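My notes follow in the order in which I looked things up.

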Amino acid sequence: MDHPARTPEELARLFHAGAAQFVLGVAGLEQLPAADRPECAFIGRSNVGKSSLLNALFGNSTLARVSNTPGRTQQLNFFNFQDGTAYIVDVPGYGYAKAPEREVRQWQGVLKNYLLGRVNLRRAFLLIDARHGIKANDLEMMEMLDTAAVAYQIVLTKADKISAATLEKVLAETQARIKKHAAAAPEVLVTSSEKSAGIENLRAAVAQIL
Ligand SMILES: Nc1nc2c(ncn2[C@@H]2O[C@H](COP(=O)(O)OP(=O)(O)OP(=O)(O)O)[C@@H](O)[C@H]2O)c(=O)[nH]1
Ligand SMILES: [Mg+2]
């Protein structure tokens, strides 16, 4: 490792509520900002908790828009991190979305092209609902990222919604399954945005990459 592990206090300072600012919403590939700084993205099925986790990361509940309606985030939302030295990107979910089919197809296409073509994308955090584990469309996404050699890390979300015993089982299953995936980071993170659990580990991972 290049630099020593940061203390919780250092991480809290790094991810204070004002440390990220919304810069740009991208609906088409031609609108992407220059790939001139490191970036990480939060991806996963619709409603898995991407926007919530981003808010928890910064302890800022108004940063990214959270919704009960699957498919709420309909563009790539770029946030400045660390005085604009890096980007963090909140993206539309895949899978079921409560939006017109044509629109869904449009933003799914943008998402795929973004993930496969973005040279400065250091890591995609692939969120998986801890209640459901890895689903068919998650697997499809993982295989696509493996093939394109895009580094990703699995993050279990909504851990507060299941018992500790069930969580342990899902975690073990997930860890076993990612062994076959070349581009997956070996460590699976467990989080709850609701209870602000596991956020420190996620902060450490983001800080190390960016
Ligand atoms: N209990 C619990 N609920 C959560 C958690 N994270 C998110 N939620 C809820 O899950 C729903 C979806 O959260 P979002 O953060 O909007 O999910 P998303 O992945 O950004 O959704 P899209 O942008 O539509 O793809 C909201 O009702 C959140 O309040 C969590 O850790 N625990
Ligand atoms: Mg969202």
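Before reading any pairing, I wrote down that two strands pair if DSSP finds at least two bridges between them, and that helices (H or I, at least four residues) and strands (E, at least two) are DSSP runs numbered from the N terminus. I also noted that this is a predicted model, in which local features need pLDDT of at least 70 and side-chain atom pairs count only at pLDDT 80 or more, while totals for chains, interfaces and linings use all residues. Residues are numbered from 1 along each chain as its sequence is written, and chains are lettered from A and ligands numbered from 1 in the order in which they are written.

**The sheet**

I looked up the strand order and found an open sheet of seven strands, S1-S3-S4-S2-S5-S6-S7, with mixed pairing. The edge strands are S1 (20–26) and S7 (189–190), each of which pairs on one side only. As a reminder to myself, strands of a sheet pair through backbone hydrogen bonds, either parallel or antiparallel.

I then checked S1 against S3 (residues 76–81): the two run antiparallel and are joined by six bridges, with Leu 24 standing opposite Phe 78 in S3.

Moving to S5, I found that S2 (residues 39–44) runs parallel to S5 and is joined to it by six bridges, and that Glu 39 has Leu 121 as its bridge partner in S5. Six bridges also join S5 to S6, again in parallel, and here Phe 125 has Gln 153 as its bridge partner in S6, while Leu 127 stands opposite Val 155. The chain crosses from S5 through helix H4 (residues 136–147) to S6 in a right-handed β-α-β crossover, where right-handed means that, with the strands pointing away from the viewer, the path from the first strand over the helix to the second runs clockwise.

S6 and S7 run parallel with two bridges between them, and Val 155 stands opposite Leu 189 in S7. The crossover from S6 through H5 to S7 is a right-handed β-α-β one as well.

**Burial**

For burial I used the count of other C-beta atoms, placed from the backbone, within 10 Å of a residue's own: 20 or more is buried, 12 or fewer is exposed, and in between is partly exposed. Eight of the nine residues of S5 are buried, so this strand is largely enclosed by the rest of the structure. In S6, six of its six residues are buried, with Tyr 152, Ile 154 and Leu 156 on one side and Gln 153, Val 155 and Thr 157 on the other.

**Single residues**

I picked Val 23, which lies in S1, and found it partly exposed, with 15 other C-beta atoms within 10 Å. Leaving aside neighbours within four places in sequence, Val 23 is in contact (C-beta atoms, placed from the backbone, within 7 Å) with Phe 78, Phe 79 and Asn 80. Val 23 and Asn 80 are 57 residues apart in sequence, yet 6.3 Å apart in space, C-alpha to C-alpha.

I also looked up two residues other than glycine with positive phi. Lys 158, with phi near 55°, is in the loop between S6 and H5 and is buried, with 22 other C-beta atoms within 10 Å. Ser 196, with phi of about 55°, is in the loop between S7 and helix H6 (199–209) and is partly exposed, with 13 other C-beta atoms within 10 Å.

**Around ligand 1**

Which residues come nearest to ligand 1? Of the 24 residues around ligand 1 (C-beta atom, placed from the backbone, within 6 Å of it), those are Gly 49, Ser 52, Thr 73, Gly 93 and Glu 194. Helix H2 (residues 50–58) gives the most to this shell, with three residues. Sorting the shell by type, I have four nonpolar, 14 polar and six charged residues, where Ala, Val, Leu, Ile, Met, Phe, Trp, Tyr, Cys and Pro count as nonpolar, Asp, Glu, Lys and Arg as charged, and the others, Gly among them, as polar.

Definitions and conventions: Two residues are in contact if their C-beta atoms, placed from the backbone, lie within 7 Å.
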